[in-house]
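The questions below ask what lies behind some of the words used for contacts between chains. Each reply sets a value beside its definition.

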Protein chains: 4
Amino acid sequence: VPLVEALTDAVDGDAARQVHRGATSQDILDTAAMVVARRARKAILDDLGGAAAAAAELARRHRDTPMAGRTLLQQAVPITFGLKAAGWLEGVGEARADLAAVVLPAQLGGAAGTLASLGEAGPAVLAAYAQELGLAEPPLAWHANRVAPARLASALGIASGAVAKVAQDVVLLAQTEVGEVAEAASGGSSTMPHKRNPVAAVNALASARQAPGLAATLLGAMAHEHERAAGAWQAEWPALSALLATAGSAAAWARACLEGLEVDPDRMRANLELTGGALMAERVVAVLAAERGRLEAHREVEAVLRRGGDLREIAADELLDPAGYLGSAGAFVDRALAAYEAQAH
Amino acid sequence: VPLVEALTDAVDGDAARQVHRGATSQDILDTAAMVVARRARKAILDDLGGAAAAAAELARRHRDTPMAGRTLLQQAVPITFGLKAAGWLEGVGEARADLAAVVLPAQLGGAAGTLASLGEAGPAVLAAYAQELGLAEPPLAWHANRVAPARLASALGIASGAVAKVAQDVVLLAQTEVGEVAEAASGGSSTMPHKRNPVAAVNALASARQAPGLAATLLGAMAHEHERAAGAWQAEWPALSALLATAGSAAAWARACLEGLEVDPDRMRANLELTGGALMAERVVAVLAAERGRLEAHREVEAVLRRGGDLREIAADELLDPAGYLGSAGAFVDRALAAYEAQAH
Amino acid sequence: VPLVEALTDAVDGDAARQVHRGATSQDILDTAAMVVARRARKAILDDLGGAAAAAAELARRHRDTPMAGRTLLQQAVPITFGLKAAGWLEGVGEARADLAAVVLPAQLGGAAGTLASLGEAGPAVLAAYAQELGLAEPPLAWHANRVAPARLASALGIASGAVAKVAQDVVLLAQTEVGEVAEAASGGSSTMPHKRNPVAAVNALASARQAPGLAATLLGAMAHEHERAAGAWQAEWPALSALLATAGSAAAWARACLEGLEVDPDRMRANLELTGGALMAERVVAVLAAERGRLEAHREVEAVLRRGGDLREIAADELLDPAGYLGSAGAFVDRALAAYEAQAH
Amino acid sequence: VPLVEALTDAVDGDAARQVHRGATSQDILDTAAMVVARRARKAILDDLGGAAAAAAELARRHRDTPMAGRTLLQQAVPITFGLKAAGWLEGVGEARADLAAVVLPAQLGGAAGTLASLGEAGPAVLAAYAQELGLAEPPLAWHANRVAPARLASALGIASGAVAKVAQDVVLLAQTEVGEVAEAASGGSSTMPHKRNPVAAVNALASARQAPGLAATLLGAMAHEHERAAGAWQAEWPALSALLATAGSAAAWARACLEGLEVDPDRMRANLELTGGALMAERVVAVLAAERGRLEAHREVEAVLRRGGDLREIAADELLDPAGYLGSAGAFVDRALAAYEAQAH
């Protein structure tokens, strides 16, 4: 009410009668939330786009750089760093597209959704209002239908998860014992000057971790009572603000992390050789399987490895070259890049 | 491995060598999850469709049935029951469209996403596999890019929230002191035979309440490590199963609730008259405002109501008829129904 | 590091060498978090205590005020308003005791928990440090054992839920159609001057709704990696700050709501009579059951009520007086008050 | 009702009239939930106790086994494996104590908490009922005061987080590139027979990840309406069942993981030497700081490390021995073990 009075004082006599006419506070707050969301989303989309571009560049440059593929954090079979970066690109790109597609509607319904004080003019005023603001025109007021904020929350949650995947991989690859990547602007430590902490990735992870709980708060607040909720609506405000901020922070840190990522192909190669051929076990099984059946081959290879043997005992050297066992890694990188470029243009 | 052995025994020699070839367990489990999700989604979409159809029928039948609009659970201004039902229709319809649009991709990447044991044939086998299963073909394996399950989880969470809104309103309208609706199959009580418990709505609410936490679990599990996660992937299984079940339960109960909803327009009319005209305060303010300014009118009406007076003191009877102050309620109902019918055909 | 430099400059030569000695940033941040939590907790405990005292006063004053007990939002059997208030008191009191009991430990472990740079003096310095700060002395550094923040988060979540229960009841009792309570400082509306919105209860509910998601974020962040987490630790900061703020807000609004609650025993009595005796069905069943068996009695009462009959047809008037069917309500109120007073002294 | 009929048929005439007398369905379901919880908790406490015992044994045996302490997944300063295990012991022990202390109350209030159909006998029947079942006697019915289930949920959530910390460390230490621990019963892979997957730790992590969302569902369901909630109560059932199951699963897997953990002190020693002295940077800074001030020393060490130099250039060999820079690690292990043993007896 004080705000309405102030606005009424600020305009001329005829216009003064129109200030807040037909509207209720929720119309203003929901519409403002969508305007704020639009602005924040623009920044988040920029950073997700920057992260995707950096991932695409890494995928392109390292299309054929072999490294260990790791499952359950154990070395499994060789992949390429390009394939890993293509997976990042795919995840971030999908999440970005979802977020860009979320519809942000204007809100105008008056006290309980009928726009009664505008007589018959309700739909026309709603249309003009939405157009003036550049927001979508909803079929009717969404005072108590919260699909729109829930969609936004979900898209922000998914975007946070997609960048968290990137950051998680960077933190693991940057471990002292792995050392395959480092952040350009790695942070030191107040007590340990030798450390190269992957600060951007850590911050991205910390920011992304806020998102699921906040998204759940917004999903859980969808059951608004009647024409305006007693608590569930007001609960959206801090949760949505925090979610926009934290998703934005996660995206910005992920971009910074990827744009300055230093990759060490020599260390990748060295790590591939740590297991003395075991990483090629799948290939050896496959080749032996052609002779004596899959299960028998599996058992034979397992026997050698269980007693700490070397696969050179039962397989030729060229069978054990990681670069020769990359399957369709390159083709999959090309598919991801083609999809990315098609989307960008 | 026992399953692979069993399948290998079940087919002929040449085919036996192809069983599970190129695949890893995650390929099978992720693909199976998508097949299960497709089947469950079909049932959920049916029930959401049934709930939407029932809401549409209520909106049509009660397009002009006046009732109290309530904000913060206080009577505010008149609306129609049709407008309330149109809001339900809109929410359920939007959520249903989102769920129907979620892409369910096949999974095939082999040990670490390269399909190395298939040589060059990876993309071709992936395409054939996806086509055979009727699932979408992804550009590359999504072993560690979990946007697809997160999208599904979010859509299920939003659908649960949309039906919870309906159920919440039904529970409130069915209160002994309100009595504007009742469920056809209201439940009795082991100790109180007079009760008409809105059992379907209560069950829908209970089911829907599981969804935000489960969706958050799936969002929070997106940061898979490397090429297969150590925990985050396995965590998806119970959460996704439970989410499909609970969203399906919520949708089925909401449908049952709406299909058998008994509406009492007389009670709606009686409740409108409880406040002795106060419900028309907004209209009276608006009419007085034309004479003496909005803020002055607001203060005058407030003064009458604060001392427990009746608005007939300052306003003509016809100004106080709820049916004459429904604004664009009917027009908004028509818009919602038109959108629903356009979508259905 | 800039802060360490500033502090070092601020003290004398000998002391300067001791600034931050042995400590790492996490020591300072975790300890600061506990100091902040202690201060915030004090305010929250005050407000929970005020809410409990107000609930106790309501329980005492309305020990024998009959009202409708409601299950699934249907009138069930009579209770007293005192019994309802005693339930509020019990919930808030239990949650307050839990929060008061949470141990807030000092943190001091150095770079990785060994306090290596202090030589043998680690435990002694830790003890002095904890004593100086008035925080608990842990057996060893909890850099990566996050039970302490998780306990705090859980207690704040439970406190939020306990006050939400109170606020939920107030919102429902304040409904236009129920009207049994009102907030002293009920809010108006920019467009509807007649409304008496239960603003404090609504704000309490909105605040409390933030808590479960934030508590889940803190529980989900317990799996810290090694000696300091890469993301999970940093994720605690915004979540814990927000949780302290929102639980405090919920408690303050609940206190304001209860301290100014206006109770309308006449309206309670009138609502009890809405159902024409049906509310006494349980009692009538019990009395008839003594004659002809419980199930037969249940069926007979149900039959009368289903055809819209009045229980006076089969039961004497005095059987249908709500005030005569309050069971042990008074005794339970007395138990809750005795427990509260015992705890207070 | 069918169950009540069946029970009534099953007992003699006089007793038949007492079946379900005074009680409502919620009394039975809540009490049954507490009985189930008691049984499940016993199993969970056993497994947490087994995990704690195994951690204690590891702490004792490896009290003086040096390994790299890691912060942000970067090697930081030396610790002992015993200190890491002592941290696990502390977290699991604290969580176990909390869970053991949760009060499980009987529920008996009748239709709306007054036990009206028992006349004056309510409190006496409640006391006898609670005693018969071996559950705690609450001061009044907790039909709508859900602190008790929320406390249980929080304790289960904290226990899940405490074991997740252990499992997270095991997964990281078991990485191919780290190799400091392995699970006795490591799992193979259908395609990669060489892998030693830390299956128990992975399963513990997957189970623990369900807990925060489920706990949040239970916290979020605390705002029960009036004397029995319409949805929030019924929502507790699946969430609490799933939480008991998943916390139990997490505890059992963590116990299995720890009881069979194979530790490799040689690999720990080798990893300590990977950085060529950098891990001792803190100590070198401290010693140099005594001569030329802390900040100057910090800068000098940083300079050597930034250009890839070796700390032997500026520090004596004995300064660079990790075993000589363990600070109070042993003393802290002893404190944790003493606390554990004191609690056990």
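Q: How many residue pairs are in polar contact across the interface of chain B and chain A, and what makes a pair count?
A: In this predicted model, the rule finds 34 residue pairs in polar contact across the interface of chain B and chain A, both residues at pLDDT 80 or more. A polar contact is a pair of N or O atoms within 3.5 Å; within protein, one must be able to donate a hydrogen and the other to accept it, and residues adjacent in sequence count only if both atoms are side-chain atoms.

Q: Which elements give two or more residues to the side of chain B that touches chain A?
A: They are β1 (66-71), β2 (74-80), α4 (81-101), α5 (122-133), α6 (147-173), α8 (211-220), α12 (294-306) and α13 (329-344) of chain B. The names come from DSSP runs, numbered from the N terminus: helices are H or I with at least four residues, strands E with at least two. With 14 residues, α6(B) gives the most to that side.

Q: Why is the pair K84(A) and E227(B) called a salt bridge?
A: The term requires a side-chain nitrogen of Lys or Arg within 4 Å of a carboxyl oxygen of Asp or Glu. The side chains of K84(A) and E227(B) meet at 3.2 Å, N to O, so the pair meets the rule. Across the interface of chain B and chain A the rule finds 6 salt bridges, whereas the count between chain A and chain C is 0.

Q: What is the area buried between chain B and chain A?
A: About 7,100 Å², with 64% from carbon and sulfur atoms. Buried area is the accessible area (1.4 Å probe) that two parts lose on being put together, summed over both. L140(B), H226(B) and F332(B) supply 10% of what chain B buries against chain A, more than any other three residues. Between chain A and chain C, about 2,200 Å² is buried, 58% of it on carbon and sulfur atoms.

Q: Why is the relation of chain B to chain A that of a two-fold axis?
A: A rotation of 180° with 0.0 Å of shift along its axis superposes chain B on chain A, with RMSD 0.0 Å; therefore the relation is that of a two-fold axis. Copies are superposed by least squares on the C-alpha atoms of residues with pLDDT of at least 70 in both.

Q: How many residues of chain B are in contact with chain A?
A: 79 residues of chain B are in contact with 79 residues of chain A, where contact means heavy atoms within 4.5 Å.

Residues are numbered from 1 along each chain as its sequence is written, and chains are lettered from A and ligands numbered from 1 in the order in which they are written. Local features need pLDDT of at least 70, side-chain atom pairs count only at pLDDT 80 or more, and totals for chains, interfaces and linings use all residues; side-chain values use heavy atoms, with hydrogens and water left out.
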